[in-house]
Amino acid sequence: MKIYRKDNSFILKRKIDLKYLDNYDEEKIKKAKEYLKEVINNNVVDDFIFLEEIMKLTNNNIKETYENYQNKICYNCCTSLSSILKNKLDKILGKTYFVTCKSIGFSTPNGDKIIKEAHTFLIYPCLKNNKILFILFDSGFRNYNPIMFYLEQNSKDYSYETGTSKIIYQNNKKYPYLLKLSKTLKRNFKIVDTNILLFFNPYYETLNLLDYDKECYKVKHSYKIMDYFNKVCIGLNIISGDLTLYCNDKEEEYNLNDFLKKNNQEIEDILKDYFKYLNKDIKMFIKILRFIPKWVNSNVLFDEVISDVETGNY
């Protein structure tokens, strides 16, 4: 199955065979839960790595470089963490599947319509009590609790952050299930109320995840480095230029255009308090920041996304 976007790129999916499933194994799920926690806790999310790769390969034509670039790993938060987790889970569960959700809030309203789907998690189908049971592993939203739900049924409420997560069956052919989250973790690591709604179809796996990951950068305007262990965040809206820096010691806000008027040493002096926690080259990061205006003007990003941000429609 192909879900086409407006630029003729597409999301490739394949129906999951639910005829021959393993029986639910409590010990295996306990081990899978340990892996889930390990991946969530031990990985720093860094959206800027993709731009670093493009920057290193670019001569003059950024768009051409992007179009010819074939990423070898996933870079987005949820796709990268899901890929790492899948490699671990498949060793004990046999087979898990990438499942992607209808895009809501990944980009701007127009960007979400263009990209079609964005958030990614893993689904493991099995048999329990002679019924098909789906187990959802969501490392992207840092949910330590795998969510279990039977075919065409709601799940129970699961604890998530200080709130709950729940799956609701809604008898919709395209997206028959809804994952609902009542809390979210902000970039200053505060937990706040929310109403995140993720519509998905666990009967189809998303294929060619590397291409899928790369396409997301055509509508991606919000980038971040999140070190959850050290509680450090660098967040940037690459179009508006809103730059936020956060660690336990301090929090600062800048406009990227003004920030880039400083020389490299001045920028390094500002960033060093945050980078002392990060295993990342601060000088390379400054080069990426200087590359970002060129990326925004490269015609890789859709004009509708840029317009949304510039008019505050996001």
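Tutor: Start with the rule for aromatic pairs. Rings of Phe, Tyr and Trp (its six-membered ring) pair if their centres lie within 6.5 Å; planes under 30 degrees apart are stacked, over 60 edge-to-face, and the rest tilted. The model is predicted, so local features need pLDDT of at least 70, side-chain atom pairs count only at pLDDT 80 or more, and totals for chains, interfaces and linings use all residues. Residues are numbered from 1 along each chain as its sequence is written, and side-chain values use heavy atoms, without hydrogens or water.

Student: How many aromatic pairs does this rule give?

Tutor: The count is 23 aromatic pairs. Take Phe50 and Tyr69: they are edge-to-face, 6.0 Å centre to centre, with 70° between the planes.

Student: Which parts does that pair tie together?

Tutor: Helices here are DSSP runs (H or I, at least four residues), numbered from the N terminus. Phe50 lies in helix H2 (residues 48–57) and Tyr69 in the loop between helix H3 (62–68) and helix H4 (77–93), so the pair links parts 19 residues apart in sequence.

Student: Is Phe50 buried or exposed?

Tutor: Buried means under 20% relative accessible area. Phe50 is buried at 0%, and Tyr69 is buried at 10%. Tyr217 and Tyr223 form a tilted pair, 6.0 Å centre to centre and 55° between the planes. Both Tyr217 and Tyr223 are buried.

Student: Which residues form one aromatic cluster?

Tutor: Phe48, Phe50, Tyr66, Tyr69, Tyr75, Tyr217, Tyr223, Phe275, Phe285 and Trp295.

Student: Where does the charged end of Lys214 sit?

Tutor: A charge sits over a ring if NZ of Lys or CZ of Arg is within 6 Å of the ring centre and within 35 degrees of the ring normal. Lys214 has its charged end over the ring of Tyr66, 4.8 Å from the centre.

How values were computed
Helix = DSSP H or I, 4+ residues; strand = E, 2+ residues; numbered from the N terminus. Buried < 20%, exposed > 50% of the residue type's maximum accessible area, 1.4 Å probe, protein only.
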